[in-house]
Amino acid sequence: MVKIRVLQRVLVTGGAGFIGSNFVRHLLAARPAVTIVDLDALTYAGSRENLRDLPDPDRHQFVHGDITDRALVDRLLAEHAIDTIVHFAAESHVDRSITGPGAFVQTNVVGTFTLLDAARAAWRGRDPGGVRFHHVSTDEVYGSLAPDAAPVAEGAAYAPRSPYAASKAASDHLVRAYATTYGLPVTISNCSNNYGPYQFPEKLIPLMIVNGVLGKPLPVYGDGLQVRDWLHVDDHCAAIVAIVERGRPGATYHVGGGNQPTNLELVGRLCALLDARLPASPHRPHAGLITHVVDRPGHDRRYDLDCGLIERELGWRPRHDLATGLAATVDWYLAAGAWLAAIRDSDDFRRWLTLNYADRGAGAP
Ligand code: NAD
Ligand code: TYD
């Protein structure tokens with residue numbers, strides 16, 4: 001019989017980012033008694049605009065600050081009597097980890113350590129059943145899978161290859177070390193690629209939608225035959241709620257969508273959706289904008305998670321199918337007017353496009 005924890009006062013880190021803001025929205029709607037303290041440094045990837053449509057904003061308190069600030073984290077845990085930490089805050093983009101790895105070590109490794117150590121101090125003497133540290137991680141810690149390799153199950157050896165994946169792997173190891181050494185009640189989820197509303201348009205799906213609408217090239221790295229597993233962000237949020245409420249302390253759960261198109265197939269599907277949604281566009285057929293560009297260094301070929309454990313133990317499985325989820329995501333970005341324009345037209349984003357794409361060859365944006 002699985003014991004159910006009742007969530008009360010939750011610290012969400014990175015709750016102004018893509019998945020974190022969707023999680024805040026999801027949790028407020030799903031659990032009417034929960035209050036949330038949302039700690040976010042508002043890096044380029046975070047914005048209070050991502051939290052503009054919360055269902056019950058009075059139960060959400062935003063704190064602008066850094067997870068590496070130990071005094072601030074100590075204060076928040078004590079003042080709000082936090083019983084659950086859901087840790088999303090991270091530098092999250094592989095390409096940025098190639099051009100600037102230092103921030104990834106600082107936030108993903110040092111930041112996770114800071115939170116763990118603060119939780120250990122704050123929860124000393126507490127009933128371990130009453131508190132929980134949930135760490136949100138990625139399938140990228142397992143490295144690149146051969147085309148015929150079986151899906152990866154929990155407990156497989158780590159083999160990270162990008163600075164991003166290595167920093168997330170390091171943080172996962174620290175979380176497990178705090179459980180083993182100090183008895184901190186932790187859970188970890190390793191999740192596949194998320195998509196949905198509020199994703200920063202540096203990532204594959206929103207970048208292709210944004211460029212497609214503007215008639216700009218759709219830069220596909222290398223041959224485009226790399227494979228990712230795609231999960232709707234709302235399914236990820238539901239999995240995390242299931243894990244923090246009913247997951248075994250110390251356990252790791254894999255979370256994936258069971259959708260594995262090649263990048264080229266996925267971009268083709270987005271182009272078809274844009275063709276259908278924008279019948280008067282001069283850029284139809286949008287697939288004509290697809291441009292193969294120089295590959296990402298060390299580009300992982302394939303990820304694939306075995307998600308049997310979370311289904312068997314917690315009854316979680318994804319509810320969104322890829323066709324419906326992608327169509328809804330395209331519609332969301334088509335209607336995202338001011339939100340999108342603020343990012344797209346910012347100097348910071350333009351600088352990123354130049355830094356990442358200028359040397360990739362003809363046709364890069
Ligand atoms: P994101 O880049 O959209 O958001 C990250 C958020 O963290 C931002 O709001 C940013 O301001 C905040 N942040 C960054 N550094 C911080 C710091 N030092 N202190 C406080 N806040 C800070 O990322 P995302 O895509 O929402 O990913 C969230 C988490 O999920 C990450 O841990 C990531 O590794 C993991 N994950 C993401 C995916 C995916 O497909 N996006 C898949 C699996 C796992
Ligand atoms: P991305 O969204 O950056 O996520 P991740 O690297 O964490 O999987 O990229 C998804 C896939 O799309 C990945 O194989 C790299 C590829 N990609 C492109 O082909 N072109 C692009 O412009 C971007 C951003 C990604």
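Okay, let's start with ligand 1. There are 28 residues around it, and the ones that come nearest are Ile19, Asp40, Ser92, Tyr164 and Lys168. Keep in mind that this is a predicted model.

So what does ligand 1 touch through polar atoms? Take the backbone first. Threonine 43 has a backbone N or O atom 3.0 Å from an oxygen atom of ligand 1. Leucine 42 also brings in a polar backbone atom, and that one sits 3.4 Å from an oxygen of the ligand. Then there's a side chain: aspartate 66 puts an N or O atom 3.0 Å from a nitrogen atom of ligand 1.

How much of ligand 1 does the protein bury? On its own the ligand exposes 840 Å², and 97% of that is buried by the protein.

Which elements build that shell? Those giving two or more residues are α1, residues 18–30; β5, 132–138; α5, 163–182; and β7, 193–195. β5 gives the most, with three residues. If you sort the shell around ligand 1 by class, you get 13 nonpolar residues, twelve polar and three charged.

Right, on to ligand 2. Here we have 16 residues around the ligand, and Glu140, Pro219, Arg296, His299 and Tyr357 come nearest.

Now the polar contacts, and these ones are from side chains. Glutamate 140 has a polar side-chain atom 2.6 Å from an oxygen atom of ligand 2. Arginine 296 does likewise, with a polar side-chain atom 2.6 Å from a ligand oxygen. And for arginine 228, the polar side-chain atom lies 2.8 Å from an oxygen of ligand 2. As for cover, ligand 2 has 510 Å² of accessible area by itself, and the protein covers 97% of it.

Who supplies the shell this time? α6, residues 204–214, and β8, residues 218–221, each put in at least two residues. β8 gives the most, with three. By class, the shell around ligand 2 has seven nonpolar residues, four polar and five charged.

Last thing, away from the ligands: a helix pair. You describe two packed helices by the angle between their axes and how far apart those axes are. Helix α8, residues 263–277, packs with helix α10, residues 322–334, at an angle of about 55°, and their axes are 10 Å apart. So α8 and α10 are oblique to each other. Which hand does the crossing of α8 and α10 have, left or right? That crossing is right-handed.

That's it from me.

Methods
Residues numbered from 1 in each chain as written. Chains lettered and ligands numbered in written order. Predicted model: local features only at pLDDT ≥ 70, side-chain atom pairs only at ≥ 80, totals over all residues. Heavy atoms only, no water. Near = heavy atom within 4 Å. Polar contact = N/O pair within 3.5 Å; in protein donor to acceptor, adjacent residues only side chain to side chain. Areas by Shrake-Rupley, 256 points an atom, 1.4 Å probe, with all protein chains shown as cover. Helix = DSSP H or I, 4+ residues; strand = E, 2+ residues; numbered from the N terminus. Nonpolar A, V, L, I, M, F, W, Y, C, P; charged D, E, K, R; others polar. Axes fitted to C-alpha atoms, helices over the stretch in contact; angles between N-to-C directions. Parallel < 35°, antiparallel > 145°, perpendicular 65-115°, else oblique. Left-handed = near helix turned anticlockwise from the far one by under 90°.
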